[in-house]
Each structure stands twice: as structure tokens, then as C-alpha cells.
Amino acid sequence: MAYNFKQIGKKWQKKWEEKKVFEAKEKGKKFYVLEMYPYPSGTGLHMGHAFNYTIGDVYARFKRMQGFNVLHPMGYDSFGLPAENAAIKAKSHPRVFTDEAIKSYIKQQKELGFSYDWSRILQSHDENYYKWNQWIFLKMFEKGLAYKKKAVVNYCRKCDTVLANEQVHNGKCWRHTDTEIEVKHLEQWFLKITDYAEELLKDVDSLDWPEKIKTMQRNWIGKSEGAEAVFEINKKKFFVFTTRIDTLFGVTFLAISPQYIDLEHLITKEKKKEVEKFLKKIKSTKQEDIDKMEKSGVFTGSYAIHPLTKERIPVWIANFVLAEYGSGIVMGVPSHDKRDFEFARKYKLPIKIVIRPENEKIQSLVMDEAYTGSGKLINSLEFNGLFSEEAKEHITKVLREKKLGGKKIHYKLRDWLISRQRYWGTPIPMLYDEKGNIVPVPESELPVKLPNDVKFGKGNPLETSKIFLTVKKNGKIYRRETDTMDTFFDSSWYFLRFIDSKNQGKMFDMKKADYWMPVDFYTGGAEHACMHLIYARFFTKVLRDLNLVGKKLNEPFKRLFNQGMVHAEDGFVMSKSKGNVIDPMEMAEKYGADTLRLFLVSIASPDSDFSWNQEGIEGMHRFVRKLFEYFSKVKTGKSNPRTENKIHGTIKNVTEEIENLKYNLAIIKIRNLFEYLHEREISRKDLETCIKMLAPFTPHVAEEFWEKLGNKNFVSFAEWPKYDEKKISKEFEKEEKDVEDLIGDVLNVLRIVREREKKPKKLFVYTLPKEKEIYANNIDEIERRTNLQTKVFAVNEKGKHDPDGKSKKAKPGKPAIYLE
């Protein structure tokens, strides 16, 4: 029984496809397994993809064998900037480039034996998919959840488009890490995700997700409870949010964001040039980037009127204020805020103490640092003597009574900017009449298709299409919206389209959604914590409120798993520039898909980063070849109690390890089992059990072994084995552990001895009298694993070979050894 992995792989992939074995129907107890929607790169699968898809596939196969009706689909997040840029570079069309990339992906994924339901395949650039992007956008517009406004945006010169805040990393584009972001004011389309801020935050607690991701989402949503105070600037009212309203009387300046929309109305003529010079230095609108900057600002020339003291307070533009925070204006209280203190010292602004620590007196009028704690109010009119928390209530009440403010809850989460000035995305289904009024495209005219007569190069390609740009209806001329949607829109509901991917009349069937949703097991990278995962949660809640899914569906993904990263053998991230890329398809070609799958999930826990190891994959290949040797020689008979103990203990452990995503530990148990079974008699039923445990990891060879035993069905759908607790013996388990420990000790000693260029051939084992039988019964196993001729003696045995008196060192459960 030779191991021709290429022939075996093709054979079983063809059989699975011909019999459509992985196509799911709505029947029985469901289980929905999904990997995050992949972008189909022109370079094909990389090792990280192979790792992620193997994690999901092992789980899907395991659940099928447990009797679940498993949905495990695959599709492609095929819109987006990379395809457009690659097509421009290749002087091709993004559609041609994308279609070729997807063909390559499908071929590679099939070769790795992933058990997808290919009948449900999705592609974002398919008109039958993005039609429903447009349809749901119109529904959101009807509900006031989609709107257009002038906004401060992050703009990437290389992308030549706007980026959401989540796509700006360290002041640079998430794709072009060498390109600094520019800040612009443009009319843009937004989704009102902030309407769901409280629910998104509250429901995080119920998620079976990694705590790290849940914390990241909580921080991104960022709930703050505080108050608003109304300051008057140039006879206009401005609402200023703060969590420390108790420091209201310590305000000596207002700080306004450089990205504030009506900033120009606050700048006096005398200050205009100075302000313009300052604004040119601003490169980012993100909190993380702002936190790293040196605090700087410029005076606008305008003054605000304090709501309660009526003092004139200077209004400064400060680089540390976000346009999205509250109203984009914050109170400057240098005496009680570290950042404000630094700013005030730099620009020689007044510092007014209004909070005194409870058990101390601030003696000096000159502070060395801000006091940020709570205490008693001073210099605060009628609120003097109140403690901070009490003062907050009283000051807020007075503001409310005077209609100059009140309690306020603020969220860091901002509405989702979805406009993109690129071609390769879903066209936003809106028109503009001759007066510039927004007119939604009628549903009957969907999809609004991407035109072919466009020019790529500079700016928005859709603006170069005469066919697309102008629409004539009922004697009137309309201009079409040329922005396309952020591709995160596509991936925010794809998991629902999979359940009814061929439906021409609906986004999806509600009954099918009720059956399949939520996704039971979702796997992908942690980098999507504050983009895709929040957007998908938002979409699910919107669809629920639009009565498109059942009221009980509050969350899309029941259990989330974040896989680790596969690094190159040198420990660095794999990259072409470093020349350290390992191609998964080359490895599958050389060693077989089953070897690659087994190796990827055996080297470490699937949620851990690890480095590629060439010796490791070669070792795994040897193990798979040994399996073939074993199955070519094995003869079925009757399993003895020790063998049954080993098999049932392995079933118990492997089932538990797979369920807990500890695949590496499951594989160790399976390898130990086959090591144990070497040349031992085994029943046919127990042999089938062993094949079943291999099936999720090495599906091709498992099917081959299953067929060789005369089975007509697929092992992929055989029942997962159940262990019998009565056949698991603690005594046998301890004996087996003792033997394993002995073999480990011998192998360690051999390593040391061989480094000294000695080559022992014999092993002498000295045990306590009552333990001799344990080791004597396992001499064959010890000899096979150590490659040493072995003899076992009891320590009190006369005539034993013990030239160095090693037997004196024997302890309970810890035999002494001698090599010669």
C-alpha cells in the first residue's frame, strides 16, 4: 500500500465533488462554521490562509462526524483597492484580474481538501451580490441610518481615496504604511452606527469571544458619562462635553479641534495666516496618533463666554482635540488635567485651582503639576466646599435649570464613513437632480452596475464614464453618485447571503436565516476587532430592526476564534522582500495536503504564533508514511484490555482537545496511539475508530484507509467515536505513563552520550520488584523506540548485570538505567 499522496488527493477530491457530499440542506441539528471573508489576492493562498482554513475545516469535519448538519461555505471579498491597483499596473480590468485570482484560489483550496459547500459560493463583485448591498443601503436611507454630510476625512494620496478612522494606523494608510494621511473636508456618506452604540457595548458581555477582542470593542465604543455646558462664541452657542464638570470654574481656555467643520468662522482676520500655517502641520485625525504628538496649538482670536461666570475665555485650536470627541471642543482646565497643564505652561495661559485634595492644602499659586484627583471645590462660587461627586450633581442641575447644559452620555464610536472615491466597489444608489437634491434610485432599477467605459489613473474613475454619470428620466437630467461603498459594507452581511446565495428575489429568506444563524464558529485575525467585527454586529442589529431576521438574532457570531500568525523559519513575518516566503502549495506538492494540514495545526496551539520549521514538516511526512506502512500490514483480530484502554482514553482526550481548539494536543495523542498500536492485535471496530480520529486532520488518507477496510460510505460522514469509561483503566494509564517517562529518560541520556561520540547498543533497566512486570511487558515498545537491546531487572534480583551499581538509584515509578 504505497503512499502516492497526489493520486490519493485527486481521487478523494473528485469523489467528494461528484457526490456533492458537503452541500448542506436545512435539516437536523445545524452547525455553521465560517472563516472570515478572504480577499482573493493575485498571488494565491499564503501560509496564513492555509493555516486559518485548516483550523475551520478540522472543526467542520469534526462537527459533521458528531452528527451535526454543517454549513461550511466559501466566498470572496473581491471588491477593493488592491484589485483596482493591480489591474491598473497590469493594464487590465479589475474584473479580469479578480476572476483569474478567484479561479486560482478555488483550485488551491480544493487541493488542500477543505470541505466547503461550493454550491453557495459568493463573490462581492457579482451583480447578484452587490445588488443587495444597494438594496439594504436604500432601506437604511429610508430609516435615516444612511446620510450625507460634510466631514473631516482621512485621505491617502496613493489610494487616492478617503479612509475610515479604523483604516489609519500610526498616521499612515493601513495599506500604504509609508504614506502619511492628509486631512480634508468633503461631502461623504455615513451609516449611523452611533444609534446602536449602547446596544453594541452592552451585548459585548454575552459574546463567547476572546477577552482581548471584547476589551478592544469596549474601548473603541468608549462610553463616557458626564455633562455638557453651553459656551457662547461670537453670539453662537457651542455645547462642550466633559466628564469633570466639577472643574468648570477652572476653565481658562477652550480647545477646539483643527478638523472642526465651522472652524473658519471662529478665526479672526488678524490670526488667519498663523492658523493656516498651523493647520498644514496636522496629519491625522486618530486618537492614537494624536496621543504621540507634541501638544501644540494656535489662538483663534475669538473668545468664549463662560456659562456661569460670564468671563471671556480664549479659544485655541489644539492638535490634541478630536473633531469626533463631543462637539469637537473641550474645556481647558490646566490645574486639573495633565494635558491641559502642559499646554497652558507652553503658551503661558492662566492656571486656576478649583479642586483641593481633601486632606491637604495647595499652598502655592504656582503648580508644578496638575492635580487630577477629586476633593473639595474652591474658587467655584456657591459650590465651594462641596466634594467633587456632589458638586457634579449640583453644577449639572444649575446648568440644566438655566438651559445651559445638563447630563450627557458620550461615545468615542463615530458614524461609519462608507464613501470611497474609487471604481472597484458597490456604486452608491443615489442620484442628484439639477438643484443638487438627493434622489434615491428606485429598487426596480437595481443593481446600479459598474460601467466599463472608465479611465484609470488619477481621481475617481467613475467620473470619467459618460454612460454612468448622467441619467435622463421623465424629461429631467440627473447626476449619478460617483462614490462607491467601503468594502467592509460587503463583508458586514455576507454570512447571511451564504444561507440563501441563489435567491434572486430577496436578500435572503428569513426562515433559512432563522435556521442557520448565528454562525456557531467564526475564525479569523484579531486585526479585524474594530472594523469588520463591529460592522457585522451593527448590520445584524439593523437587519433585525428592519424585520429581515428574527427578533432573537442580536449577534452574528456565537463563538469567535483568532488564529496565530505563521512566521518564516527566521522568526520574521513572511515577505517577498525578505525572501523568506514558504508557499503552501509548494509544500502540498512536495509532501501532500494531509501532511501540510497536520503540520500546521500540530506545531503549536492554533491561537499562538509560530515559526515555520522544515524539519517539522518532514517529520510529519514521515509519520503519515508510517501510517501507510501500518495500514498495509495491520491484521485485525481482537483488542486486548490494554489496547482498548489506550483507544478509549485517546477518544476521550482527542474529542476534548478538538472541542477546545487544542489541535496540537489532539495530534500528540493520536501519534502516541499509533506508536502504541505498532504490531499489536486490534479489532476491526477499534481500527475504524482510529481512522475516524484521523479524518478531520488528514481527510484524504483517512478516506483511503476507510475504503481499504471495505467500507462503501465516506469516513467524512461516519459517526465520531464515543469512549466507554468502563474500558479506561487508571492503572493501565499510570503504567503507560511510567513506560513513556522511562523512554523519554533513555532518549535524553542517549542524546548526551552520542554527543560524546559513544554509541550504546544495550539498555539495562532496574525497577522495584513490584514494578518489574510493567516494564517487562513493554520491552518490545522500549526497544522499538530507543533502538536498544533491552533487559529489565528487579533491584533485588540476584545475578543481574549492574557493573556501576545503578540499581541503587531506582525509586518508585522511576527506574534506574544503564547503557553499554
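In this predicted model, Glu 569, Asp 570, Glu 615 and Glu 618 together form a negative surface patch. A patch gathers residues with over 30% relative accessible area and no salt bridge, like charges being joined within 9 Å and nonpolar side chains (Val, Leu, Ile, Met, Phe, Trp, Tyr) within 5 Å. A salt bridge, in turn, is a side-chain nitrogen of Lys or Arg within 4 Å of a carboxyl oxygen of Asp or Glu. Lys and Arg count as positive and Asp and Glu as negative, with His and the chain ends not counted, and each charge is placed at NZ of Lys, CZ of Arg, CG of Asp or CD of Glu. At 48% relative accessibility, Glu 569 is partly exposed; buried means under 20% relative accessible area, exposed over 50%, and partly exposed in between (1.4 Å probe, protein chains only).

A positive surface patch is made up of Lys 20, Lys 25, Lys 27 and Lys 502. One of its members, Lys 25, lies in the loop between helix H1 (5-19) and strand S1 (30-35), and is partly exposed with a relative accessible area of 48%. Over the protein chain there are 144 positive and 118 negative side chains, and the centres of the two sets lie 1 Å apart.

Residues are numbered from 1 along each chain as its sequence is written, and side-chain values use heavy atoms, with hydrogens and water left out. As the model is predicted, local features need pLDDT of at least 70 and side-chain atom pairs count only at pLDDT 80 or more, whereas totals for chains, interfaces and linings use all residues.

Turning to the chain as a whole, its secondary structure comprises 25 helices and 32 strands, taken as DSSP runs numbered from the N terminus (helices H or I, at least four residues; strands E, at least two). The C-alpha trace spans about 105 × 80 × 50 Å along its principal axes. Of the 820 residues in the protein chain, 55% are buried. The accessible surface comes to about 38400 Å², with 49% belonging to carbon and sulfur atoms; areas follow the Shrake-Rupley method with a 1.4 Å probe, and for residues only the protein chains shown count as cover. Among contacts (heavy atoms within 4.5 Å) between residues at least 6 apart in sequence, 75% join residues at least 24 apart.

The backbone also deserves a look. Most residues other than glycine have a negative phi, and most peptide bonds are trans. Leu 661 has a positive phi near 60 degrees, in the loop between helix H19 (641-659) and helix H20 (663-677), and is buried at 2% relative accessibility. Asn 787 likewise has phi near 60 degrees; its loop runs between helix H25 (779-786) and strand S31 (789-794), and Asn 787 is exposed at 65%. A cis peptide bond links Leu 446 to Pro 447, with omega about 0 degrees, and Pro 447 lies in the loop between strand S22 (438-440) and helix H12 (466-469). Another cis bond runs from Met 517 to Pro 518, with omega near 0 degrees; Pro 518 lies between helix H14 (510-516) and strand S26 (521-524).

Finally, Ser 683 occupies the loop between H20 and helix H21 (684-694) and is buried, with a relative accessible area of 16%. Neighbours within four places in sequence aside, Ser 683 is in contact with Thr 636, Gly 637, Lys 638 and Ser 639.
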